[in-house]
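Reader: I'd like to go through this model with you and ask what stands behind each label. Could you set the values against the cut-offs as we go?

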Amino acid sequence: MTLKLSILDLATIGPGQSVKESLDGSVALAQLAEDAGYSRVWYAEHHNMASIASSATSVLIAHVAAHTKTIRLGAGGIMLPNHSPLTIAEQFGTLESLHPGRIDLGLGRAPGSDQNTMRALRRDPMVADTFPQDVQELQAFLGDSTLIPGVEATPGKGTQVPLYILGSSLFGAKLAAALGLPYAFASHFAPAALQDAVRIYREQFKPSAQLAEPYVIAGVNVVAADSTAQAQVLLRDALRQRVQTFFGRGHTFTDEEADLVLDAPQGQHLREMVKYSAVGEPAAVLEYLEGFAKHADADELIVAHQAPGTEAKLRSAELLGQIALGQG
């Protein structure tokens with residue numbers, strides 16, 4: 001089986017790491033991905049999270065694009081309720097104009113933040129209800145005929161930046177099918193509805209100008225290392241960082257405290273989030289991914305390399321690239 005592999009980079013800020021170091025790591029990861037033969041690298045929009053540096057997603061894409069040559073780059077995704085469709089069309093129209101043929105635009109309905117952060121963003125929680133209409137408005141701004149008379153995106157118009165619908169529920173699957181767009185399922189952190197969502201998407205898909213046949217991307221976690229024992233240690237360290245992210249609230253957990261949380265009932269959700277994870281030496285990771293691709297009925301896998309720290313993350317991406325893509 002030949003896997004089509006991409007990377008989801010959360011631009012994580014590790015303990016003791018600066019934002020600049022995190023973003024430098026994102027550039028290095030994209031350069032490695034380009035050399036290794038990964039299909040694309042996507043960045044996710046999150047706000048008010050001390051451990052994630054990809055909040056200004058389009059700015060990060062522009063920076064990485066300037067330091068790479070051929071690999072596709074995009075948002076996985078832009079949380080459209082946080083923005084006006086015109087603004088996103090102008091941003092991604094600019095990116096496509098500067099880096100033609102290399103830009104993707106994945107769109108999510110969730111705000112990617114809490115209510116206080118939404119207020120800071122000056123957004124109304126109810127705007128998520130208009131997500132389907134906003135997607136169509138954005139698509140028109142990037143196409144040749146606007147849906148708002150007298151308003152056009154410059155840059156943006158005519159760039160035809162490809163859209164992807166992101167989701168973790170049946171809503172996104174049905175919308176992607178109705179609009180004839182590719183569907184990316186967030187199974188790397190929300191695994192529950194994966195198979196049902198993909199089935200519904202494929203059954204209900206209607207061809208569009210962008211896409212003739214359904215196309216599914218499924219998210220999966222990977223920690224590849226030179227030994228199984230090392231990979232398991234790295235995964236545990238990554239889970240400890242999640243404890244800090246989700247339960248920290250001003251408190252810094254020791255490793256022992258984080259382990260107690262992970263092993264307790266309140267840690268069950270964190271463990272469930274990484275249900276789909278390939279962990280170990282490269283051969284074992286590849287075997288898992290091949291099985292997962294069939295399980296998910298996916299055309300492409302987007303991998304979140306969860307090893308903490310830039311060096312370990314790059315090594316994980318390199319090892320997977322070597323065995324799965326024959327390069328790196």
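Reader: Let's start with strands β1 and β9. What makes them a pair?

Author: Three bridges join β1 to β9 (residues 300-305), and two strands pair if DSSP finds at least two bridges between them. Three meets that cut-off, so they are a pair, and the two strands run parallel. In β9, Ile302 is the bridge partner of Ser6. The model is a predicted one, in which local features need pLDDT of at least 70 and side-chain atom pairs count only at pLDDT 80 or more, while totals for chains, interfaces and linings use all residues. Residues are numbered from 1 along each chain as its sequence is written, and side-chain values use heavy atoms, with hydrogens and water left out.

Reader: Why is the segment at residues 5-9 called a strand, and what makes it mostly covered?

Author: Strands are DSSP runs of E with at least two residues, helices are runs of H or I with at least four, and both are numbered from the N terminus. Five of the five residues of β1 are buried, where buried means under 20% relative accessible area, exposed means over 50%, and partly exposed is in between (1.4 Å probe, protein chains only). Leu5, Ile7 and Asp9 point one way and Ser6 and Leu8 the other, and all are buried.

Reader: Which other strand does β1 pair with, and what is the hand of the crossover to it?

Author: β1 also pairs with β2 (residues 40-43) in the parallel sense, over three bridges, and Asp9 stands opposite Tyr43 there. The chain crosses from β1 through helix α1 (residues 19-36) to β2, and this β-α-β crossover is right-handed. The term applies if, with the strands pointing away from the viewer, the path from the first strand over the helix to the second runs clockwise.

Reader: Where does the sheet go beyond β2?

Author: Four bridges join β2 to β3 in parallel, with Leu73 of β3 as the bridge partner of Val41. Right-handed β-α-β units are made by β2, α2 (residues 57-66) and β3, and by β3, α3 (residues 85-98) and β4. Seven of the eight residues of β3 (residues 72-79) are buried, so this strand is largely enclosed by the rest of the structure.

Reader: How do you know that Arg199 and Glu203 form a salt bridge?

Author: The term asks for a side-chain nitrogen of Lys or Arg within 4 Å of a carboxyl oxygen of Asp or Glu. Arg199 and Glu203 have N and O 3.5 Å apart, so the pair qualifies. Both lie in helix α7, four residues apart, about one turn of the helix. An α-helix has 3.6 residues a turn, so residues three or four places apart point the same way. Arg199 is partly exposed at 41%, whereas Glu203 counts as exposed at 56%.

Reader: What makes Asp297 and Arg202 a link between separate parts of the chain?

Author: Their side chains meet in a salt bridge at 2.9 Å, N to O. Asp297 is in the loop between α11 (282-296) and β9 and Arg202 is in α7, so the pair ties together parts that are 95 residues apart in sequence.

Reader: Why is Arg242 called buried yet without a salt bridge?

Author: Arg242, in helix α8, is buried, and the nearest side chain of opposite charge, that of Glu272, is 11 Å away. Lys and Arg count as positive and Asp and Glu as negative, while His and the chain ends are not counted. Contact means heavy atoms within 4.5 Å, and Arg242 touches residues including Asn221, Phe247 and Gln306, not counting those up to four places away in sequence.

Reader: And what makes a set of residues a nonpolar core, and which members of the largest one touch the most others?

Author: A nonpolar core is a set of buried Ala, Val, Leu, Ile, Met, Phe, Trp, Tyr and Cys residues joined through side-chain atoms within 4.5 Å. The largest one holds 83 residues, and Leu105, Leu289 and Leu301 touch the most other members. Apart from it lies another core, of 17 residues, among them Ala225, Leu239, Val243 and Ala258.
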